[in-house]
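Hi everyone, thanks for making time. I'd like to walk you through one structure today, so please have a look at it with me.

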Amino acid sequence: MTVLHETKPLWLEEDRPHFGRVHKDAVYDAVVVGGGITGLTAAYLLKQAGQKVAVVEKGRIADAETGHTSAHLTQVTDTRLAELVDRFGEEKARLAWEGGAAAINLLESIIGREQIRCHFQRVPGFLTSPITLDATTDDVESLEQEAELARNLGFDALFVSATPVFNRPAIRFANQAVFHPLMYLAELAKRIPGDGCDLFEESEMSEVIDEPLAAEVDGFRLQCRKLIIATHVPLMGKAGLVSATLMQSKIAGYSSYVIGGEIEKGVVPHAEFWDTQDPYYYLRVEPREQTDYVIFGGQDHKTGQETDTESCYAQLETVLKAYLPGIEIDHRWSGQVLETPDGLPYIGEEAENQFIATGFAGNGMTFGTLAGMMACDYVLGRDNPWSDLFSTDRRALRKGLWNYLKENFSFPKHLLGDYLSAPDGDSLESVPRGEGKIVKMDGHRCAVHRDADGRVTVLSAVCTHMGCLVRWNKAAETWDCPCHGSRFATDGHVIAGPAETPLEKKRPASGES
């Protein structure tokens, strides 16, 4: 196994501007909670439209799921086009794909207008038959049918008998794209402050006040006409516990793993690849001056429900090296995608004057950009062609009911099963350095982590969302909830919701053995 030199996303090595904390009460047209691609796109567009907007980010901009992307830009949804047609009809399926195209066009337009250097380029995208060497199907007939359907709906799609790199049958989709997301968003963020607009980092919203509408952040009130929740998993805000819980039950979190390494220029064409397996593998190239950088991902599993997460990286390396044996892996990271029962995101008003965007699946960069466009139209009171299709209360569950039931079946299973199962250990001494275990202490299940220096942190193992027990994710060094996908750092703070409060500290970090 290759020795890994870096375990954080490639993108986060890029320099980013720093922004100050919220330090006073203020009034805006809109407050955007979340500094990822959705929030920054919405804020940029709103400022361009003459609105006063504030972005509130609890950490650094793009630190969360946006910074953990593989940065594909494609209109081709994870859900196959034929399935979308079956669920929604041809016109709405076409509209969903046109949304992705509109998002890529907007990105290209902003990059050109602002002269942002972020390695943006148009590339073909290839949906291939399974790439693992033990695959037993080539999917030729379904790929040919899908290509014909896409062409009939007006998209540039062509069946090809063999792709570059993988030599597999595939559909070639023209005019997809790739870019460096942090280079793009760092420049976008610089353009937001000024003219009555602000961007705040290290500033976490603690409450939404209804009359007048305001976000309370670090004891200050940011009053606004509209509130945009752009936080991957939507915060409750003013939606209320029942509505927020219902929304959270309609999205399922999946962890996805990525590895990367340098190769000689020209070995892999500048293109995007993903295959028809479930979960699927995906690959793209990031250009460098003297070399190219291959980014390869997959091995998705429902968050918190895989015990051997290290094996996910090992399997990725095995598959990639079967095609690129000379590649040296020097980065690996994981991120989370959110899936919905019917394959389309939820983007729109969830409560009066509160807008959310979630459930982007593997199309985070395109749907995130489109959500920013839709949020801008929402604040400005403009009609938007995708508002009905992506509505948060759409009735498409009738077509996605089985997926909804399947995803939520795990909640009672893990809630009861984890409490009935034996803990990982019975003392602090059972937790080695660099590891985490569930340990029973004083009758309570605790999430215990010992860092490389021997310092121990003891937390409640009870997820603050709905009471399931978290599990240790060795590959990501996080505590993950198997019920609804919440993720927590080793000190207990929330990395990804639906949980909004940290794991309870049972005792302070210490150096005891």
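I'll go through a strand with its two partners, then a sheet with a helix on it, and finally a helix and one serine. Keep in mind that this is a predicted model.

Let's start with strand β14, residues 272–275. Which way do its side chains point? Glu 272 and Trp 274 go one way, while Phe 273 and Asp 275 go the other way. Are they buried or exposed? All of them are buried.

Now for the neighbours of β14. With strand β5, residues 121–128, the pairing is parallel and covers four bridges. If you look for Leu 127, you'll find it opposite Trp 274. With strand β15, residues 282–287, β14 runs antiparallel, and three bridges join them. Here Trp 274 stands opposite Tyr 282 of β15.

Next, please turn to the open sheet. How many strands form it? There are six, in the order β8-β3-β2-β12-β19-β18, and their pairing is mixed. At the edges sit β8 (198–200) and β18 (346–351), each of which pairs on one side only. From one strand to the next, the twist averages 15°.

At the β8 end of that order, β3 (residues 53–56) pairs with β8 in the parallel sense, over three bridges. Within that pair, Ala 54 is opposite Asp 198 of β8. Helix α1, residues 37–48, packs on this sheet, and the strands it touches are β2 (30–33), β3, β8 and β19 (354–358). The direction of α1 makes about 165° with that of β3.

On to helix α7, residues 310–323. Which of its residues are buried? They are Cys 312, Tyr 313, Leu 316, Glu 317, Val 319, Leu 320 and Tyr 323. As a reminder, an α-helix has 3.6 residues a turn, so residues three or four places apart point the same way. The buried residues of α7 pack against β13 (252–264), β15, β16 (291–302) and β17 (328–339).

One of those strands, β13, holds my last stop, Ser 255. Why does Ser 255 count as buried? Because its relative accessibility is 2%, and the cut-off for buried is under 20%. The side chain of Ser 255 makes a polar contact with the side chain of Thr 303, at 3.1 Å. Leaving aside residues up to four places away in sequence, Ser 255 touches Gln 299, Asp 300, His 301, Thr 303, Gly 335 and Gln 336.

That's my tour, and I'm happy to take questions.

Terms used. Residues are numbered from 1 along each chain as its sequence is written. This is a predicted model: local features need pLDDT of at least 70, side-chain atom pairs count only at pLDDT 80 or more; totals for chains, interfaces and linings use all residues. Side-chain values use heavy atoms; hydrogens and water are left out. Buried means under 20% relative accessible area, exposed over 50%, partly exposed in between (1.4 Å probe, protein chains only). Helices (H or I, at least four residues) and strands (E, at least two) are DSSP runs, numbered from the N terminus. Two strands pair if DSSP finds at least two bridges between them. Axes are lines fitted to C-alpha atoms, for helices over the stretch in contact, and angles run from 0 to 180 degrees between N-to-C directions. Contact means heavy atoms within 4.5 Å. A polar contact is a pair of N or O atoms within 3.5 Å; within protein, one must be able to donate a hydrogen and the other to accept it, and residues adjacent in sequence count only if both atoms are side-chain atoms.
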